[in-house]
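Good morning, and thank you for the time. I would ask everyone to look at the structure now being shown, as I shall go through a few of its regions in turn.

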Amino acid sequence: MNHFPSDFTSNFWSIFIAGATLLGILGCLALLWISGKTQAMTAADNTTGHVWDGDLREMNNPLPRWWVGLFVITCVFSLAYLYLYPGLGSYGGSLGWTQSGQFEREVSKGNEQMAPIYAAFASKSTEELTKDAQAMAIGDRLFMNNCAQCHGSDARGSTGFPNLTDGHWNWGGTPEQIHETIAKGRTGVMTPMAAAVGGADDVRNLAHHVLSLAKAPHDSVRANLGRDKFVACAACHGADGKGNQALGAPDLTSGVFVHGPVIEAHIVNMINQGKTGVMPAWDAKFTPEQMKVLTAYVWGKGGGVAGATPAAAPAAAAPAAAAGNDAASVAVENGVVKFFFATGKADLASGADTALAEVIAGVKQGKKAIVSGYVDSSGNAAQNEELAKQRAFAVRDQLKALGVAEDSIELKKPENTDAGAGAQARRVEVSLG
Ligand code: HEC
Ligand code: HEC
């Protein structure tokens with residue numbers, strides 16, 4: 001009973017309550033005994049002698065035996081119960097029963113029953129688990145009870161709490177990285193940086209440079225002025241602004257922010273105030289099997305990135321399915337340059353320059369470069385559209401970087417944008433027109 005500190009500092013109330021309880025029960029028995037002994041004034045005919053309404057008389061019968069018996073049994077039961085179980089002040093009862101003990105017994109019984117179910121999960125890879133309906137149902141319950149209050153019941157997050165479905169990861173989206181995030185927790189720290197940047201105007205200029213990195217609307221004069229100031233940020237966000245997952249420093253070029261909108265005011269605020277974001281650690285709360293299921297649930301929400309070692313997945317795994325076949329690449333087929341992208345990413349594969357050589361030659365002859373992005377039909381439609389757009393922009397920017405004038409580039413939606421799922425759906429084509 002003494003697991004928890006009592007509200008009371010002395011035994012007084014415990015003894016008082018125990019005493020009052022016992023006296024109450026003993027008092028009941030005494031009352032019964034006394035009333036059995038006491039003789040009311042009795043007339044010769046065994047009535048009390050009172051007469052109402054002319055002929056209504058009160059009998060002086062003893063209490064029925066069954067009633068007295070029940071009364072005594074009740075009192076004896078109470079005393080026995082209070083001896084065996086907690087109830088008398090702080091006395092814990094001779095059986096040593098506690099609520100928390102019973103709870104723990106029930107939990108371990110539940111765990112025993114779940115063990116064979118979890119054992120079946122142990123041999124499965126993260127990707128296989130995402131296809132196991134039972135595992136995902138368990139993952140869903142774990143997520144709703146433990147994660148949804150911060151990340152939302154659809155795992156899409158909100159300001160300050162990252163969206164776990166969009167393929168943008170501050171700490172990495174492979175099964176191993178997600179597992180580590182959940183198990184150990186994460187603390188992302190950005191120190192206030194204004195002092196390192198300069199005056200208020202320098203901070204604004206830098207903010208516009210960051211907007212330009214994010215391909216968001218910006219003032220290009222300010223962005224140019226602010227470019228050099230980015231050295232203050234490069235230690236964490238990288239010289240190219242693409243972030244550092246070891247520090248949880250976001251990719252500022254992604255156009256997806258967690259802490260606010262992609263606008264000057266938010267970036268200025270971040271530079272001036274800094275930010276510390278804390279994701280709590282969960283390894284003390286979950287069993288390793290639960291951690292595995294939860295990791296697969298989060299990974300399978302749409303943003304997961306293929307792991308460094310594709311776990312236990314057989315080598316000839318599903319062709320180009322959701323997260324498989326994930327490296328960015330580029331190919332030229334019949335004069336059409338096809339850029340394939342990694343899941344959730346808009347980064348171009350290396351070798352773009354060589355692949356685009358023919359297109360660039362065509363543009364020099366006065367043709368137009370037509371850039372079309374295809375949309376993945378699996379997962380969230382709006383996000384896939386946005387991603388297809390970002391990928392098309394990345395290709396356009398690459399063309400511009402290779403000296404193609406903006407008015408020679410045409411961004412065109414393909415007739416049939418829905419390209420199914422898999423690697424084919426994550427492509428942008430460049431052709432001459
Ligand atoms: C108290 C609020 C809170 C709860 C509860 C919470 N998280 Fe988080 N989580 C955060 C915050 C805040 C971050 C961002 C940390 C940072 O600043 O980098 C985060 C980050 C993450 C990330 C990393 C995202 C990235 O971009 O790399 C994952 C994965 C994650 N949480 C999963 C979970 C799971 C699974 C649970 C439930 C077991 C959970 N979180 C419960 C607040 C929470
Ligand atoms: C000490 C490392 C560090 C430095 C230096 C740093 N940052 Fe950050 N920055 C971070 C981390 C970590 C986060 C994520 C904070 C979090 O989620 O808790 C972040 C977040 C941000 C965000 C918010 C993105 C969002 O999701 O809303 C912006 C904008 C940003 N940084 C811009 C800058 C700029 C501009 C500079 C240079 C003046 C800079 N940072 C310097 C580590 C750093």
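Let me begin with the ligand. Ligand 1 is surrounded by 24 residues, and the closest of them are C147, C150, G188, G277 and M279. By type, the shell around ligand 1 consists of 15 nonpolar residues, 8 polar residues and 1 charged residue. Please keep in mind throughout that this is a predicted model.

I turn next to a single glycine. Where is G307 placed? G307 lies in the loop between helix 13 and strand 5 (329-333). Is G307 buried or exposed? G307 counts as buried, because 22 C-beta neighbours lie inside 10 Å, and the cut-off for a buried residue is 20 or more. Apart from its neighbours within four places in sequence, G307 is in contact with T174, P175 and E176. Between G307 and D326 there are 19 residues in sequence and 9.8 Å in space, taken from C-alpha to C-alpha.

Helix 14 runs over residues 352-364, which makes 13 residues, and its first and last C-alpha atoms are 18 Å apart, close to the 18 Å expected at 1.5 Å a residue. At E358, helix 14 bends by about 40 degrees. Just after helix 14 comes G366, with a positive phi of about 100 degrees.

Which residues of helix 14 are buried? They are A352, A355, L356, V359 and V363. An α-helix has 3.6 residues a turn, so residues three or four places apart point the same way. The cover over the buried residues of helix 14 includes strand 5, strand 6 (336-340), strand 7 (369-373), helix 15 (381-401) and strand 9 (427-432).

As for A369, leaving out residues up to four places away in sequence, A369 touches V359, V363, L399, V404, S408, I409, V430 and L432.

Thank you for your attention.

Technical notes: Residues are numbered from 1 along each chain as its sequence is written. Chains are lettered from A and ligands numbered from 1 in the order in which they are written. This is a predicted model: local features need pLDDT of at least 70, side-chain atom pairs count only at pLDDT 80 or more; totals for chains, interfaces and linings use all residues. A residue is near a molecule or strand if its C-beta atom, placed from the backbone, lies within 6 Å of it. Ala, Val, Leu, Ile, Met, Phe, Trp, Tyr, Cys and Pro count as nonpolar, Asp, Glu, Lys and Arg as charged, and the others, Gly among them, as polar. Helices (H or I, at least four residues) and strands (E, at least two) are DSSP runs, numbered from the N terminus. A residue is buried if 20 or more other C-beta atoms lie within 10 Å of its own, exposed if 12 or fewer, and partly exposed in between; C-beta atoms are placed from the backbone. Two residues are in contact if their C-beta atoms, placed from the backbone, lie within 7 Å. The expected span of a helix is 1.5 Å times one less than its number of residues. The bend at a residue is the angle between axes fitted to the seven residues ending there and the seven starting there.
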